[in-house]
Amino acid sequence: MSVSPKGFVTRELHLEILKDLDNYLVEKQIARPVWLFMDGASPHISLSALEFCKLKKIQPWLFKPNSTHLLQVLLFYKTYGAEFNTFFLISLWTSPGFLP
């Protein structure tokens, strides 16, 4: 597993994380293509990462840079169920300024 000693993701570390993801997909025999949702922070955007994703049939979907806090609600779904999650996401998506 790839880790950062200081807690920051670099472009090099991001590529290592993508390789870890690819190994996991192979190990679990998950069909390709797959979607990978992540924020658009600069370490997530590089030619080497794009080429790797294209080769491995991983489709990256980038949200606004540094928007991870908005995505954390998706973790809530696993714990508390679809009812709240659906309500929250509809409320969030209809809020002014959420989407670019």
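Contact here means heavy atoms within 4.5 Å. By that rule, His 44 touches His 14, Met 38, Asp 39 and Leu 62, not counting residues up to four places away in sequence. This is a predicted model: local features need pLDDT of at least 70, side-chain atom pairs count only at pLDDT 80 or more, and totals for chains, interfaces and linings use all residues. Residues are numbered from 1 along each chain as its sequence is written, and side-chain values use heavy atoms, with hydrogens and water left out.

**His 44**
- His 44 sits in the loop between strand 1 (34-39) and helix 2 (47-56). Helices (H or I, at least four residues) and strands (E, at least two) are DSSP runs, numbered from the N terminus.
- His 44 counts as buried because its relative accessibility is 19%. Buried means under 20% relative accessible area, exposed over 50%, and partly exposed in between (1.4 Å probe, protein chains only).

**Helix 1**
- Helix 1 covers residues 11-27, and its 17 residues should span 24 Å at 1.5 Å a residue. The expected span is 1.5 Å times one less than the number of residues. The end C-alpha atoms are 24 Å apart, which agrees.
- Its buried residues are Leu 13, His 14, Leu 15, Leu 18, Asp 22 and Leu 25. Their cover includes strand 1, helix 2 and strand 2 (58-63).
- Gln 29 follows helix 1 and has a positive phi, near 55°.

**Helix 1 against helix 2**
- The two helices pack at about 10°, with axes 10 Å apart. Axes are lines fitted to C-alpha atoms, for helices over the stretch in contact, and angles run from 0 to 180 degrees between N-to-C directions.
- Helix 1 and helix 2 are therefore roughly parallel (angles under 35 degrees).
- His 14, Leu 15, Leu 18, Lys 19 and Asp 22 of helix 1 meet Ser 48, Ala 49, Phe 52, Cys 53 and Lys 56 of helix 2.

**Nonpolar core**
- The largest nonpolar core has 10 residues, among them Leu 18, Leu 36, Phe 52 and Ile 58. Such a core is a set of buried Ala, Val, Leu, Ile, Met, Phe, Trp, Tyr and Cys residues joined through side-chain atoms within 4.5 Å.
- Helix 1, strand 1 and helix 2 each give two or more residues to this core.

**Aromatic rings**
- The whole structure holds 2 aromatic pairs (ring centres within 6.5 Å, using the six-membered ring of Trp).
- Trp 35 and Phe 37 have ring centres 5.9 Å apart and planes at 80°, so they are edge-to-face (over 60 degrees).
- Trp 35 is exposed at 58%, and Phe 37 is partly exposed at 45%.

Technical notes. Phe/Tyr/Trp six-rings, centres within 6.5 Å; stacked < 30°, edge-to-face > 60°. Parallel < 35°, antiparallel > 145°, perpendicular 65-115°, else oblique.
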